[in-house]
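Reader: I have a model on my screen and some questions about it. Can we go through them one by one?

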Amino acid sequence: MARRSPIELKSAEQILRMRSAGLVVARTLQAVRAGARPGVTTAELDAIAREQIASAGAVSSFLGYGGGFGLPPYPAVTCISVNAEIVHGIPGSRVLAEGDLVSVDFGVSLDGWHGDSAITFAVGTPSPEVAALSEATRDSLWAGIAAARIGGHVGDIGHAVETSVRSHGRRYGIIAEYTGHGIGTAMHQPPDVPNLGRPGRGELLTKGICLAVEPMVTLGSASTVTLDDEWTVVTRDGSIAAHWEHTIALTGSGVWVLTAEDGGEAELTARGVPFGPLGS
Ligand code: MF3
Ligand code: CO
């Protein structure tokens, strides 16, 4: 990726467009989650997302992605990664079963402005350790988001994610090969947003920066393997993985979580961090 090109700074009006895209993403992920139960295929969940895209008049950020730079064009509107699949699982004939841990990653653009988010949930009742993995990953996402501030650095986010995961007591694996990213007029922009880091390192965070923060955490090692489909990334040791993601904006008044229905108000306030919505 073009890591050295300048970071795209968004105006308030542009961030409001990204908020519209973010709400489509948030609502679609909830619709997909509501459709997940034992016996449903991942292709059926992708179809739910396609219907949401159509009714919102949005454009998939994922469908066709990668064609033209060495990867086969991505064939779906969601990535659905089950159990040992970490990210970029392609929806298909896989049938969900009781206890599966499912990560759904989804992005759209509206008027050319993108939103990107991922959630992880269990089908039925997960084992306690799998439930704890997903909760630790979600908690680390919010810790990372809460560490983002104007005048800070990208490394602050990764440091907060890493510290949060490590605070959960178990020896989780934190994926380093895949990172969050800048987002705006394209789904993937500079800067990379790693899930490990050192405070004060990396790009300076300024007003109008929009980022996708997306920790991927495993019950085992952090080594990955990409399957022959050239997309699906799995854990090398077969351990279960979770993935949570939000698109955020740094506004003059704080952080606005564009892909959270409440804009991040509840989680940011609980962490004592300024919540920074724009508009009325
Ligand atoms: N949304 C993923 C990310 O978080 C990328 C999906 S790859 C695609 O960066 F091919 F499906 F688009
Ligand atoms: Co992303």
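Reader: Where does glutamate 230 lie?

Author: This is a predicted model, in which local features need pLDDT of at least 70, side-chain atom pairs count only at pLDDT 80 or more, and totals for chains, interfaces and linings use all residues. Residues are numbered from 1 along each chain as its sequence is written, chains are lettered from A and ligands numbered from 1 in the order in which they are written, and side-chain values use heavy atoms, without hydrogens and water. Helices (H or I, at least four residues) and strands (E, at least two) are DSSP runs, numbered from the N terminus. Glutamate 230 lies in the loop between strand S11 (224-226) and strand S12 (233-235).

Reader: What is the phi of glutamate 230?

Author: Most residues other than glycine have a negative phi. Glutamate 230 has a positive value, near 70°.

Reader: Which residues coordinate the cobalt ion (ligand 2)?

Author: Donors are N, O and S atoms within 2.8 Å of the metal (3.2 Å for Na, K and Ca); water is not among the atoms, so sites may look incomplete. The distances here are 2.0 to 2.3 Å. The residues are Asp116 (OD), His181 (NE2), Glu214 (OE) and Glu245 (OE).

Reader: How many residues apart are histidine 181 and glutamate 245?

Author: Both residues are donors of the cobalt ion (ligand 2). Histidine 181 is in strand S7 (residues 180-182), and glutamate 245 is in the loop between strand S13 (241-243) and strand S14 (246-251). The pair links distant parts of the chain, 64 residues apart.

Reader: Why does glutamate 245 count as buried?

Author: The cut-off for buried is under 20% relative accessible area. Glutamate 245 counts as buried because its relative accessibility is 0%.

Reader: Which residues is serine 134 in contact with, leaving aside its neighbours within four places in sequence?

Author: Serine 134 is in helix H3. Serine 134 is buried, with a relative accessible area of 9%. Contact means heavy atoms within 4.5 Å. Beyond those neighbours, the contacts are Leu101, Thr120, Ala242 and Trp244.

Reader: Which peptide bond is cis, with omega near 0°?

Author: Most peptide bonds are trans. Proline 191 is found in strand S8 (residues 189-193). The cis bond runs from proline 190 to proline 191.

Methods
Buried means under 20% relative accessible area, exposed over 50%, partly exposed in between (1.4 Å probe, protein chains only).
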